[in-house]
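Trainee: Hi! Could we go through this one together?
Mentor: Happy to, let's bring it up.

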Amino acid sequence: MFWETRQPSNHPARSCSYCGQREGVARNLIPHNIPHRCHSCQSETALLICEECVTSCAASLARRNGAAGSDLFSNMVVPKPSEIRATLDDYVIGQDRAKKVLSVAVYNHYKRILNRGRIQHVELQKGNILMIGSTGTGKTLLSQTLARTLHVPFAIADATTLTEAGYVGEDVENVVLKLLQNCDYDVKRAETGIIYLDEIDKITRKSESPSLTRDVSGEGVQQALLKLVEGTVCSVPPKGGRKHPEQDYVRVDTTNILFICGGAFVGLDHVITARTTRKRLGFEMHRPEVELEGHTSVLHETRSEDLIKFGMIPEFVGRFPVITTLSDLDVPAMIGILTEPRNALINQYQALFEIEGVTLQFTEGAVKAVARRAAEMKIGARALRSVLEDVMLDLMYDVPAIQGVKSIIITEEVIAGIGQPKILA
C-alpha cells in the first residue's frame with residue numbers, strides 16, 4: 001500500500017469533493033458552480049467532482065429510474081443462429097438437431113423483442129421451447145449456455161416443488177422470483193430473461209381424462225402456469241412464499257420471458273409406439289408394422305397428441321410450439337464429453353493436479369474405459385463424474401502429502417480396478 005505525505009499548506013490540494021481523490025490521481029476534476037467555503041481558511045472554493053463519481057452517479061440514477069432496464073437491448077446484437085450453435089458446440093457434445101432447433105428459436109425470440117417497434121402490422125408471438133430427453137443428456141447445460149451466450153438473466157426452477165395456489169408448496173410466481181433475484185431485482189432486465197423449468201414431466205395429471213378431484217401438484221400446476229408462460233403481468237413476492245403477507249409485491253411482465261421446459265418423460269416411448277404401430281389380428285398380432293430402433297428413435301416421433309396422452313393438458317402443450325428431443329449418449333459421445341468441451345472433465349482433473357505441481361495423464365484406453373463404464377450406468381453424462389471421482393479418490397487423498405511427484409499416468413487397468421496408477425517422481 002502506498003501512502004501520500006500531506007505537504008503543509010494553508011490551501012489543501014485540489015481533490016474530488018465526493019470520493020476524496022486528489023488531483024493527479026482522480027481523472028478530470030470537474031468544477032461545480034455552487035460555491036463552497038473552505039474549513040481551513042474560510043475562503044470560498046468551487047466544489048469538484050471526478051469523472052469516476054460522475055459515471056457512478058449516472059449509473060445509479062439510471063437503475064433507480066428504470067432507464068437501464070428499458071434501454072437494455074439498445075446496443076445488443078443478437079448472434080446469428082450459426083453463431084449461437086458454434087457456442088453451444090464448445091460446451092455440449094452431440095445433440096446436433098436439438099442445438100439447431102434451440103439456436104433458431106432463441107434467435108427468433110430476441111429478434112422479435114428488438115424489432116417490436118418496427119413491426120406493427122403483424123403480432124409476433126413468443127415461441128417457448130420443450131426439450132425431451134433422458135437424464136444427463138444436456139438439457140440444463142444447453143439452457144445455461146444459451147443464457148450465457150446472450151448475456152441475459154437466467155434462472156432454473158424445479159417443477160416438482162410447485163403447487164396450485166392456496167396449497168402447501170411454492171406458488172408458480174416463485175419461478176419468476178428466482179429470475180428477479182439473479183439480476184438484483186432489476187425488473188426491466190428480468191422481463192427479457194430465460195427461465196428453465198426442470199422436471200416438467202413430473203407435473204402430469206394422473207390420467208388422460210380430466211381429474212374429478214383436486215390434483216394440486218399435477219394438472220393444477222399446469223393450469224397455473226398457463227398465463228405465466230404465455231405472457232401476463234404477475235405479482236411476485238420479493239421475499240417469497242406466503243409467510244410475509246405485508247410485503248409489497250413486484251409486478252413483472254412475462255410476455256418477453258422465454259420459458260424452456262425439460263423432462264425425461266419416462267414412458268412416453270410406449271405411448272408413441274402404440275400410435276405408430278398398427279394392431280394385427282391372428283398370429284401376427286404382436287408383430288409391429290414399423291420397427292423403431294431404440295428409445296431415442298421413438299422420441300423423435302413425438303407429437304402433441306402423445307404428450308396429451310402422457311398426461312399434459314392440451315392448453316399447456318399449446319404454449320410450447322417448439323418441441324425438440326435429445327439423443328441418449330453412446331460411448332463415442334461420452335468420450336467427446338470427457339475430452340472436447342471447454343469444461344471437459346479430464347481437463348478439470350488435470351487442472352486440479354496442476355495446482356499441486358503434478359502432471360496428470362490419461363491413456364487412450366483409460367478414456368474409453370471410463371466412457372464404457374459410464375454408458376452402462378444409464379444416467380447420462382453425470383455418470384462420467386461418478387466414475388472419475390471413484391477412480392481418482394485415493395490419488396486426490398495421497399498426492400498432496402507426497403513430496404517430489406512430477407506426473408501420474410492413468411491406464412485402462414486403473415479404471416477397471418485391476419491396476420495402480422503410474423506415479424513418476
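Mentor: We'll talk about salt bridges and then about a pair of helices.

Trainee: What kind of model is this?
Mentor: This is a predicted model.

Trainee: Okay, how many salt bridges does the structure hold?
Mentor: It holds 14 salt bridges. Let's look at some of them.

Trainee: Which residue does Arg-275 meet in a salt bridge?
Mentor: Asp-306 is the partner of Arg-275, with 2.7 Å from N to O. The pair links distant parts of the chain, 31 residues apart: Arg-275 sits in helix H9 (residues 268-276) and Asp-306 in helix H11 (residues 304-310).

Trainee: Is Asp-306 buried or exposed?
Mentor: Asp-306 is buried, because its relative accessible area is 2%, and buried means under 20%. Arg-275, on the other hand, has a relative accessible area of 26%, so that side of the pair is partly exposed.

Trainee: And what does Lys-202 pair with?
Mentor: Lys-202 forms a salt bridge with Asp-201, and the closest N and O atoms are 3.1 Å apart. Asp-201 is buried at 6% relative accessible area, while Lys-202 is partly exposed at 46% relative accessibility.

Trainee: How far is it from N to O in the salt bridge of Arg-303 and Glu-305?
Mentor: For Arg-303 and Glu-305 that value is 4.0 Å. Arg-303 is partly exposed at 46% relative accessibility, and Glu-305 is partly exposed too, with a relative accessible area of 45%.

Trainee: Switching to helices: at what angle do the axes of H4 and H5 cross?
Mentor: Helix H4 (residues 96-114) and helix H5 (residues 139-150) cross at roughly 40°, and their axes come within 12 Å. That angle makes H4 oblique to H5.

Trainee: Is the crossing of H4 and H5 left-handed or right-handed?
Mentor: The crossing is right-handed.

Trainee: Which residues in H4 and H5 meet there?
Mentor: From H4 you have Lys-99, Leu-102, Val-106 and Tyr-110, and they meet Leu-142, Leu-146 and Leu-150 of H5.

Trainee: How does the contact of H4 with H5 split by class?
Mentor: By class, this contact has 6 nonpolar residues, 1 charged residue and no polar ones.

Trainee: Nice, thanks for the tour!

Note on methods
Residues numbered from 1 in each chain as written. Predicted model: local features only at pLDDT ≥ 70, side-chain atom pairs only at ≥ 80, totals over all residues. Heavy atoms only, no water. Salt bridge = Lys/Arg side-chain N within 4 Å of Asp/Glu carboxyl O. Buried < 20%, exposed > 50% of the residue type's maximum accessible area, 1.4 Å probe, protein only. Helix = DSSP H or I, 4+ residues; strand = E, 2+ residues; numbered from the N terminus. Axes fitted to C-alpha atoms, helices over the stretch in contact; angles between N-to-C directions. Parallel < 35°, antiparallel > 145°, perpendicular 65-115°, else oblique. Left-handed = near helix turned anticlockwise from the far one by under 90°. Contact = heavy atoms within 4.5 Å. Nonpolar A, V, L, I, M, F, W, Y, C, P; charged D, E, K, R; others polar.
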